[in-house]
Protein chains: 2
Amino acid sequence: MGISLKDVAQRAGVSIKTVSNVVNGYRHVTPQTRQRVQRAIDELGYRPNLTARHLRKGRTGMIALAVPELTNPYFAELADAVIEHAAGLDYIVLLDHTGGRRDQEVLFAQGFRARVIDGLILSPIELENEDLLARESDAPLVLLGEREYSAPYDHIAIDNVAAARTAAAHLVEIGRRRVAFVGARHGRARATAHLRLRGWREVMGESGLPSDDALIAVTDGYSREDGAQAVARLLDSGQRPDAVFCYNDLIAVGAMRTLAERGLRVPDDVAVVGFDDIEESRYGATTLTTVAPHKRAIARAATDMLLDRLAGEADTPPRRIQPGFALITRESTVGRP
Amino acid sequence: MGISLKDVAQRAGVSIKTVSNVVNGYRHVTPQTRQRVQRAIDELGYRPNLTARHLRKGRTGMIALAVPELTNPYFAELADAVIEHAAGLDYIVLLDHTGGRRDQEVLFAQGFRARVIDGLILSPIELENEDLLARESDAPLVLLGEREYSAPYDHIAIDNVAAARTAAAHLVEIGRRRVAFVGARHGRARATAHLRLRGWREVMGESGLPSDDALIAVTDGYSREDGAQAVARLLDSGQRPDAVFCYNDLIAVGAMRTLAERGLRVPDDVAVVGFDDIEESRYGATTLTTVAPHKRAIARAATDMLLDRLAGEADTPPRRIQPGFALITRESTVGRP
DNA sequence: CGTCAGGTTTTCCACGTTGTAAAAAGTGCG
DNA sequence: CGCACTTTTTACAACGTGGAAAACCTGACG
């Protein structure tokens, strides 16, 4: 292996522990000893072996973050923020993706690499409450994103129903009467999609507008392609919505693509609202109105909560944080200025 | 800490080493011993401590990958592919981003977390040859992406000049006469942007078309915003190109946005070609013609080369691999079918 | 019954680090 | 010069694992 404390100690003519003390900035080292050791360190190019240090200390200084897809810009941006914030706190982030598949999420939550990391942040899609209850790993876990769980874990999520209501209300306000919802999922009443669907349905009901199943387009996933296909099916089924509220921005991008292919203008013929405020939404021929969760606040809260747990608050009851959100109106609902 | 071999050994009434042997599938263990140990493992929920294992073996089973920006979909897709491929080879990938800043790239190449990882893959932007020559870390390093270095490291890059030529030639072929280049950089003749610029310039020259500086738009970065601003400046300066070849897809997306704002139609008034083939290019009101490097091949080659080095080929001369690329023509140059 | 071969299990140690405790060196004071 | 006290340095053990080699079995064979 590389240069170890032993090598430095030998060269400086002191004990291993003294070198260790210098490296760790221990107070009681005479200036001349410190200098001699430091020179040996520099000459040999010594670098502490983190593996050994971690073994000794029982901590690795690494946390893991798992998101469904790295290629979903929302999660890339979120991961970016977590890495950045954690770096400032001297933690390294191990980034992983689950594909949104339950088995992968369970593996991650169980910490199948747990012994290398101190804690976990997971943004689940399919994970079930029972998976969490059956969890064996003792590494702290923070749940990210919008699913609801009763299992006792720290959880960070915006108020999805309220956010969806805001989006739907905006569409009603600008005069739309047939508002479709794109991106619903089968089953799983607690899933995020259902929360957003509920917000949409509530507003439709309160406004006396239709919210029947014919206006709801189910998708398999959350990609542009899913959005494009779902809207194609919606239109093929004879529906003529004058607005669509999409589960996320990627679906909205796909939706707008299909609308363009069918010769429908956005927002004149169909207004579109997305969710996530990914960078991509601010570009394109028609910029996208979207619900913007405060990603930086989410990332910061998740990291801080996890590190709090690591710092000893092992047994405090789980906390729940609801970061804010904002509706950002752009051309897809209000037209070009 | 958690359950260790010692705990299992105690419970099963055998030595630590026997448990270790069972865990590692050592041949010479009697079935009944193996069974007894296995039961103890199951009952206690033992999981090997990777940190200790790594300390003992001198390997961590982790490699690091640094890209400029995670939020650039090209790199997100690339990282995705590397993670996937490495996982199949039982390696964990530590993902990092440098912001394309030289100091960060140097830090990474030096392996400021090197003692935790076995090897590095770096996609540099600003890194200079001298930085590589001054490198002290002995962890194998593979360079990714299109910059040229003389320092002796494995390097994976497509033929940028040829790729750029293909793109420029396509624009000439469809009859464009004033082709702008967006995304040039100041200085650094070896940088990727210069290679693509050269390809463009060669084709313009060979076709008897202008390639003067007035047609070259310099950008600070590689984002959508950079592309949007650069094209705005280009148009403001009085240029009326009938095509733009962009350094990458993000810049192209920004370019198309500005063109739309200025009332210019794509491809009727201005054809656009990008580079990277990010997913986003396949959507939008006008899909984007682009040069598609074979990302999966790049990811695979990078990972394999690195693991080859780790497997012992320490001193073989550095290799250089040129994965293929393809021009994918879409609506931004050939119109909607 | 002793010996040997081969399979099985154990003992010992090292990987590089740091906490503990204690030894060594230094300081001040009577 | 010796004592009490503080500062500086050291020895040792331990974190959990796996390689090397020794020790222990069992059974076959002379």
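Modeller: From α8(A), the residues A:N160, A:V161, A:A164, A:R165, A:A168, A:A169 and A:V172 make contact with α9(A). On the α9(A) side, the partners are A:T192, A:L195, A:R196, A:R198, A:G199, A:W200, A:E202, A:V203, A:M204 and A:E206. By class, this contact holds nine nonpolar, three polar and five charged residues. Keep in mind that this is a predicted model.

Now the geometry. Helix α8 of chain A spans residues 160-173, and helix α9 of chain A spans residues 192-206. Their axes come within 7 Å and cross at roughly 40°.

Next, follow the chain past α9. A:L215 sits in the loop between α9 and β7 (216-218) of chain A. Its relative accessible area is 0%. Buried means under 20%, so A:L215 is buried. Leaving out residues up to four places away in sequence, A:L215 touches A:R178, A:V179, A:A180, A:F181, A:W200, A:P210, A:L234 and A:Q239. One of these, A:W200, is also among the α9(A) residues that meet α8(A). A:V244 is 29 residues from A:L215 in sequence, and their C-alpha atoms are 9.0 Å apart in space.

Helix α10 of chain B (residues 224-236) and helix α11 of chain B (residues 249-261) have axes that come within 6 Å. They cross at roughly 45°, so α10(B) and α11(B) are oblique to each other. This crossing is right-handed. From α10(B), B:R224, B:G227, B:A228, B:V231, B:A232 and B:L235 take part. They meet B:L250, B:I251, B:V253, B:G254, B:A255, B:T258 and B:L259 in α11(B). By class, the contact has nine nonpolar, three polar and one charged residues.

An unreviewed UniProt entry annotates residues 3-57 of chain A as "domain: HTH lacI-type". In the model, that span is 69% helix and 0% strand. Its end C-alpha atoms lie 20 Å apart. A:N21 belongs to helix α2 (residues 16-23) of chain A. A:N21 counts as buried because its relative accessibility is 17%. Not counting residues up to four places away in sequence, A:N21 touches A:Y26 and A:V29.

Methods:
Residues numbered from 1 in each chain as written. Chains lettered and ligands numbered in written order. Predicted model: local features only at pLDDT ≥ 70, side-chain atom pairs only at ≥ 80, totals over all residues. Heavy atoms only, no water. Axes fitted to C-alpha atoms, helices over the stretch in contact; angles between N-to-C directions. Helix = DSSP H or I, 4+ residues; strand = E, 2+ residues; numbered from the N terminus. Contact = heavy atoms within 4.5 Å. Nonpolar A, V, L, I, M, F, W, Y, C, P; charged D, E, K, R; others polar. Buried < 20%, exposed > 50% of the residue type's maximum accessible area, 1.4 Å probe, protein only. UniProt positions renumbered as here; feature names shortened; annotations may be inferred. Parallel < 35°, antiparallel > 145°, perpendicular 65-115°, else oblique. Left-handed = near helix turned anticlockwise from the far one by under 90°.
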